[in-house]
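Please read the points alongside the sequence and the coordinates.

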Amino acid sequence: MSVQNALGGPIPYTLAMQQQSGIRVENVLQILGRTSYTLEFWYTPTGANGYAYMNPDADFNTVRFSAHLPYGGTLYFDTGNSSAPTGRLQFGMPAGFVGSPHHIAFVVDFERSKRTVYIDGGERYSVAGCEPYIVQDPYPLDFPANQGTVGEVRYWNYARSLEQINELKDFSISDKTPGLQMCLRMDERGPSGTKIIDRSGYARHGRIL
């Protein structure tokens, strides 16, 4: 459910402005990509070639959980072996993508053997097959956003439907919502080291880099 304000209405998400520094989450790798999941967030790209929002393994590693949004006119998301069709999801950049905010949701459904990306409340790309991301090294999860800004990052431990995504995508959500494993509203401000609170109840907090 969405967070309610004093008048009983839902609170819209807050788009954080962390482009100069980014954030880091140290204790989240044990849940990433092992079962069906949904990763969603708001993102405003400001350039056409940049690391976007996550990269817990060194980028030269072929087994990783990472993305470019965009890179050379292409968007891609890796959750497993990036050199295998079941580990990489790659598709063309939508028209007008750079310079405006977008809601992005990656849904990996192991039960249906399907990966889907939704952009701005609609299905953009879908492909069969998926594989788990098995942590190779104890790297943290970084959201560098060196060419963009990120807001309200959520990680769910199941494959959410488009209807479920659209119901809550425009609003901040309640603490400890069932299935929510990490929720970073990213509305904190401060110097390097400032804590970014995880609202899921699992204490997967981040910090400003």
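1. Ser200 and its contacts. Leaving aside neighbours within four places in sequence, Ser200 is in contact (heavy atoms within 4.5 Å) with Lys176, Leu180, Gln181, Met182 and Cys183. Ser200 sits in the loop between strand E13 (195-196) and strand E14 (206-208); strands (E, at least two residues) and helices (H or I, at least four residues) are DSSP runs, numbered from the N terminus. With a relative accessible area of 2%, Ser200 is buried, where buried means under 20% relative accessible area, exposed over 50%, and partly exposed in between, with a 1.4 Å probe and protein chains only.

2. Polar surroundings of Ser200. A polar atom of the Ser200 side chain lies 3.2 Å from the backbone oxygen of Gln181. A polar atom of this side chain also lies 3.2 Å from the backbone nitrogen of Tyr202.

3. Basis of the description. The model is predicted, and local features need pLDDT of at least 70 while side-chain atom pairs count only at pLDDT 80 or more, whereas totals for chains, interfaces and linings use all residues. Residues are numbered from 1 along each chain as its sequence is written, and side-chain values use heavy atoms, with hydrogens and water left out.

4. Confidence. The chain averages a pLDDT (the predictor's confidence in each residue, from 0 to 100) of 80, and 82% of the residues score at least 70. Among the elements of the chain, the lowest mean pLDDT, 63, belongs to strand E3 (residues 49-51), and the highest, 95, to strand E8 (residues 114-119). Two segments call for caution. Over residues 1-11 pLDDT stays under 50, and the model has 25 contacts beyond four places in sequence for them. Over residues 15-20 pLDDT likewise stays under 50, with 22 such contacts.

5. The chain as a whole. The secondary structure comes to one helix and 14 strands. Of the 209 residues in the chain, 52% are buried. Among contacts between residues at least 6 apart in sequence, 61% join residues at least 24 apart. The accessible surface (Shrake-Rupley method, 1.4 Å probe) comes to about 8800 Å², of which 53% belongs to carbon and sulfur atoms.

6. Three bridges join strand E1 (residues 23-25) and E14 in the antiparallel sense, and Val25 has Gly206 in E14 as its bridge partner.

7. Strand E7. Is this strand buried or exposed? Eight of the eight residues of E7 (residues 102-109) are buried, so the strand is largely enclosed by the rest of the structure. In a regular strand the side chains alternate between the two faces of the sheet. In E7, His102, Ile104, Phe106 and Val108 point one way, and His103, Ala105, Val107 and Asp109 point the other way.

8. Partners of E7. Strand E2 (residues 37-45) runs antiparallel to E7 and is joined to it by seven bridges, with Trp42 opposite His103. E7 also pairs with E8 in the antiparallel sense, over six bridges, where Asp109 has Lys114 as its bridge partner in E8. The hairpin of E7 and E8 has four residues between the strands, and Ser113 takes a positive phi near 50° there.

Note on methods: Polar contact = N/O pair within 3.5 Å; in protein donor to acceptor, adjacent residues only side chain to side chain. Pairing = 2+ DSSP bridges.
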